[in-house]
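User: I'm new to reading protein models and would like a close look at a single part of this one. Could you walk me through it in plain words?

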Amino acid sequence: MSPHTSLTGSTPERDAVLDEAPTGVELTFSEEVGVSDDSIRVLDPTGERIDDGEVIGGSGAYAVGLGPDLPDGTYTVVWQVVSADSHPVGGAFTFSIGAPSPTAVAVPETTAGGGLPGFLYDTARWTAYAGFLLLVGGSAFVLRCRPEAAGFRPVQRLIVLGWTLMTGASLALLVLRTPYLTGEMADITRLSAVRDVVGEGWGTALVSRLLLLAAAGMFLAVLLGTWARLTVPAGHADGGAPAPEGGDGGDGTDTAGREAARRDLSFGLTVGGGIVACGLAATWALSEHASTGPQTSVAIPMDIVHLLAAAVWLGGLTTLVLLLFRDPLLPRETVRRFSRLAFGSVVLLVITGVYQSWRQVGSADLLFSTDYGQLLVAKAALVLLLLVVAWISRRWTARLTDPEPGTGPGPAPGRPPGEEAAEPEPVLVGAPAGAEPPPVDPDRAAQLARQRAAVLRAERRRTMTADPERAGLRRSVLVETLIAVVVLVVTTALTGTPPARTAADAPVEAGAAVPAEGVSLELPFAAGGPNGTGTALVDVEPAVTGENVLHVRTVDPAGEPMSVEEIRVALVLPAEDIGPLRFEPVRVDTGHWTVTDMQLPRPGEWGLSLTIRTSEIDQVTETDILPIG
């Protein structure tokens, strides 16, 4: 079973010409797929649906029944299914009864996974990945690298933003799933479609993700609430107020008891949060590429580890960037802790990434000959660039020295990052004890507050630029983050692209366009009379069964465009007794004629007859062989 299914066979076969009408149409796929009653449709030459509307079968083979007494002509089979890794796959092909005929069938322009539904769906997928990185990576950074940041409002907002993005994107994916599969945005209003999505494997994984996000919400309430208060050092329980007398932690507990409670809660959050994070990663691993193909028992755990390592590294990196710009005097130990954590994550990313690349690509040749391989090469190059910038960041980290306590406008010793020291309230000199201070003009107070805030911002900027090591680290980490965003975009594209191994092994699907160079022929002619001698240059693109475009250009012996009165084309396929099929090209320019919809039902060596009339009485017919693939 390979990721992204392919059509391996059909009854009737593609482009077959049958003597008798079949009782049904059967399609065989490379794996078991998801189907509905609209997954296989059979249309007559006028475009009317003639199947019974009930898809039956399983284990990769599915069929629909046809009515009796079908007239001769060409029939179109349009199919669309959902592969085991949740991606829509579709196509179309024709077969004929008696003899090929013109058909009025137009395959809908809206395709699964494309248009506005596809764009919105891919945006929601990217947003869900980004939310996962911020939620898991930010939480891991707080727990392992900078516990005091749990009480820092910008960091809290960043982690909650990750949870919000992931939850909102998951709900959007649930609603957009049906429009994504059908290509019709109007299906977003069908509530029954959501029920159908929940019933399939991919929908189950998505519902599980939403339940796990509810558990993650409770985890964040503890991490950013109770645990954040316990991590504020003694004497600054409220972010800066002196601790009450008696030597306790400022919240009624002694310092030793406070530390013990913090350690116990930290252990519980690490274990519980790790379980929730693994579950969230599994909702992708169990419903996308890792869940299909060879060695799924190894690929799924590897994919979970890969996602978690990426979240710890890239989500933690984003948190570090925030602190570096909001906390100019961030302790060196915090940066070093993250550097060690990121190094371990990168090692895991490389190991799991190399395994998944081998599994999905199979050979080096496919790296550059398939879309998946090219995206994988681009991702590898970006990750390599990211590692180079990370190495530069590590060099800046080695140069860091912690500032003297109390210097600059940064946080005071033991104060959570970003908190400024409280300014003393002004008092009236010489006023008796207990005297009420004079009233303060509100406008004046607001003006003073704005001035103090401006001074503090200026001081923070001076502190940030005065330390070249920290300034260099801020720049390199910011570049890392920007590259990581691009890596995330490429990763999202990878998850929606058929793996290289599948693209190479899959047979040409029915109705799929076969890449071709086209066919070019030169037919010298001599019709007699004045200006009756020249050469007809015939081009047929793409020279495959189905729709082709024919161009005929007539040139004189000097190679200049030559005007003729009329051109007619006839094609026969003697091996299957088909034809003649006659076409009348339309003049588009001097010496240039074209047929824009030349339908050829079967491959083979077609006989081309080209009739050229150069005057009212002078004409000639030239013949040649036109190979059609």
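Which residue in strand 7 is the bridge partner of Leu 43?

Analyst: It's Thr 76 that partners Leu 43 from within strand 7. Keep in mind that what you're looking at is a predicted model. Let's stay with strand 7 for a bit. This strand covers residues 73-82. One of its neighbours is strand 4, made up of residues 40-43. Strands 4 and 7 are paired in the antiparallel sense, and four bridges link them.

Now for another partner. Strand 7 also runs antiparallel to strand 8, residues 88-97, and here 10 bridges do the joining.

How covered is strand 7? Mostly: of its 10 residues, nine are buried. A residue gets that label when its relative accessible area is under 20%.

For contrast, hop over to helix 9, which spans residues 371-399 and contains Ile 392. Ile 392 has 33% relative accessibility, so it counts as partly exposed. This residue also belongs to a nonpolar surface patch, together with Leu 384, Leu 385, Val 388 and Trp 391. Together, the patch members have about 480 Å² of accessible area.

In an unreviewed entry, UniProt lists several "transmembrane region" stretches, among them residues 375-392. In the model, residues 375-392 are 100% helix and 0% strand, with their end C-alpha atoms 26 Å apart. Another stretch with that UniProt label is 337-355. Residues 337-355 are likewise 100% helix and 0% strand, and there the end C-alpha atoms sit 28 Å apart.

Terms used
Residues are numbered from 1 along each chain as its sequence is written. This is a predicted model: local features need pLDDT of at least 70, side-chain atom pairs count only at pLDDT 80 or more; totals for chains, interfaces and linings use all residues. Side-chain values use heavy atoms; hydrogens and water are left out. Patches are made of residues with over 30% relative accessible area and no salt bridge: like charges are joined within 9 Å, nonpolar side chains (Val, Leu, Ile, Met, Phe, Trp, Tyr) within 5 Å. Accessible areas come from the Shrake-Rupley method with a 1.4 Å probe; for residues, only the protein chains shown count as cover. A salt bridge is a side-chain nitrogen of Lys or Arg within 4 Å of a carboxyl oxygen of Asp or Glu. Helices (H or I, at least four residues) and strands (E, at least two) are DSSP runs, numbered from the N terminus. Buried means under 20% relative accessible area, exposed over 50%, partly exposed in between (1.4 Å probe, protein chains only). Two strands pair if DSSP finds at least two bridges between them. UniProt positions are given in the numbering used here, feature names are shortened, and annotations may be inferred rather than shown by experiment.
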